[in-house]
Amino acid sequence: MLLEWQRDWARKDTYDATIALVQEHSGAYGMGVDYAYTMVHKAPGRSSHGGETMAPVPA
């Protein structure tokens, strides 16, 4: 519903607020939007991985 209310993504007055809501509350879809937003707008990612990378554990 939120995306339908936004409808026209050229409406800059509501664009950032809509994107912020989607990123925060839309699970995997929000993660995809976050990724696309960083690619299109060259914005920094919202999270970073500072820990060590773990190898897969066999089942």
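This report describes the fold, the surface and selected side-chain contacts of a protein chain in a predicted model.

**Overall architecture**

The protein chain contains three helices and zero strands, arranged along the sequence in the pattern α-α-α. It comprises 59 residues, of which 17% count as buried. The accessible surface of the protein chain amounts to about 5100 Å², and carbon and sulfur atoms contribute 61% of that area. Among contacts in the protein chain with a separation of 6 or more, those between residues 24 or more positions apart make up 6%.

Thr 18 belongs to helix H2, which spans residues 12-25. Is this residue, Thr 18, buried or exposed? Thr 18 is buried, because its relative accessible area is 6%, under the 20% limit for that class. A polar atom of the Thr 18 side chain lies 2.9 Å from the backbone oxygen of Thr 14. When neighbours within four places in sequence are left aside, Thr 18 is in contact with Leu 2, Leu 3, Gln 6 and Trp 9.

**Aromatic residues**

Zero aromatic pairs are found in the structure. A charge does, however, sit over a ring: Lys 12 is placed over the face of Tyr 15, at 5.2 Å from the ring centre.

The two distances described above are set out below.

Notes: Residues numbered from 1 in each chain as written. Predicted model: local features only at pLDDT ≥ 70, side-chain atom pairs only at ≥ 80, totals over all residues. Heavy atoms only, no water. Helix = DSSP H or I, 4+ residues; strand = E, 2+ residues; numbered from the N terminus. Buried < 20%, exposed > 50% of the residue type's maximum accessible area, 1.4 Å probe, protein only. Contact = heavy atoms within 4.5 Å. Areas by Shrake-Rupley, 256 points an atom, 1.4 Å probe, with all protein chains shown as cover. Phe/Tyr/Trp six-rings, centres within 6.5 Å; stacked < 30°, edge-to-face > 60°. Lys NZ or Arg CZ within 6 Å of the ring centre and 35° of its normal. Polar contact = N/O pair within 3.5 Å; in protein donor to acceptor, adjacent residues only side chain to side chain.
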